[in-house]
Each structure stands twice: as structure tokens, then as C-alpha cells.
Amino acid sequence: MTEADYSFGNPEEGRPGPDNRSDYRLTATARVVLELESKAPDASGSERARDLACRLRDISARGMSLFSREPLSIGALLPAQVSLGQRSESFTLMVEVVWCRPSQSQFLVGCQVLDSAGTAYVEWVEAVAQALAAE
């Protein structure tokens, strides 16, 4: 990660109500792909999944907010691939949808990053901590 990939704080754009998170947030150039439906064999025998690419609004060690083309169910547990800035690898995370509300022609979604086996949770927390230290 480079300092150019992040900025401290959070723009007011897209924030219709108060922000209740206790962690500092970073805005980031990033992409999130949520797996909405798990891979299941289709008629041809190949595996298909339904993914949703989202634009990240901000991140913290324990969560993120993002812009989605469609509403997401509160309480949904979703596998996520998060690609931050110039980093070559993405983070494989498990997120829980905490809130979802309309924002212009899309939806603003708040997700909590969960400490789950087989994910890059520790690496995520370390990457966010490094980005905060660079500020």
C-alpha cells in the first residue's frame, strides 16, 4: 500500500445519517466483490456463482461501507474479495451486512468484517493499521 491509495477521514458524500462506528475510517481506492450465491453446478456441469462488484466508500479495521447496485439483506453473511489500491493480492474476508439504505441511484451498505477461519482477517487488520500509521 502507498500513502496515495488512502486519505484520512471520510467525505460527507452519501452519508444520510450519523456514523456510529468507533474506529477511524480511511477512504480508499478499492474494489469489493461480494459472493451473493455460492457456486453450484449448472446444467452443463460447470460451477456458477453470483457475484456483485461494489465500489468501496471507506474502510476501518472492523468494517467498511460500500456502494452497491442492489440492496443487500441485513444480517447476510457474505464472502468478499477486497482489492486495495496497488496491492497485487486481494483480501479474502467474511462480512456481515449491518445496514443498507438507498443513496441516489444505488445503495449504501455497511458491513462488519468478521474474524473467520480461512480468511485474511489478521492481514486485513494489519493493512488498515499500516495505512493509519502512514497518515
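Which residues does Val32 touch, not counting residues up to four places away in sequence? In this predicted model, Val32 touches Leu52, Ala53, Cys54, Leu56, Met64, Leu66, Ala80, Gln81 and Val82.

**The nonpolar core**

Val32 belongs to the largest nonpolar core, which has 26 residues. Together with Met64 and Trp124, Val32 touches the most other members of this core. Two or more residues of the core come from each of strand E3 (30-41), strand E4 (47-60), strand E5 (63-68), strand E6 (77-84), strand E7 (91-103), strand E8 (106-114) and helix H1 (121-134). In soluble globular proteins, nonpolar side chains tend to be buried together.

**How the strands pair**

Strands E5, E6, E7 and E8 also take part in the pairings listed below.

| Strands | Sense | Bridges | A bridge partner pair |
|---|---|---|---|
| E5 and E8 | antiparallel | six bridges | Phe67 and Leu108 |
| E7 and E8 | antiparallel | nine bridges | Pro102 and Phe107 |
| E6 and E7 | antiparallel | six bridges | Leu77 and Glu96 |

E7 and E8 form a hairpin, and two residues lie between these strands. Gln104, in the turn, has a positive phi of about 60°.

Strand E6 has a covered face and an uncovered one. The covered face consists of Leu78, Ala80, Val82 and Leu84. Among these, Ala80 and Val82 are touched by Val32. The uncovered face consists of Leu77, Pro79, Gln81 and Ser83.

Terms used. Residues numbered from 1 in each chain as written. Predicted model: local features only at pLDDT ≥ 70, side-chain atom pairs only at ≥ 80, totals over all residues. Heavy atoms only, no water. Core = buried A, V, L, I, M, F, W, Y, C linked by side-chain atoms within 4.5 Å. Buried < 20%, exposed > 50% of the residue type's maximum accessible area, 1.4 Å probe, protein only. Helix = DSSP H or I, 4+ residues; strand = E, 2+ residues; numbered from the N terminus. Contact = heavy atoms within 4.5 Å. Pairing = 2+ DSSP bridges.
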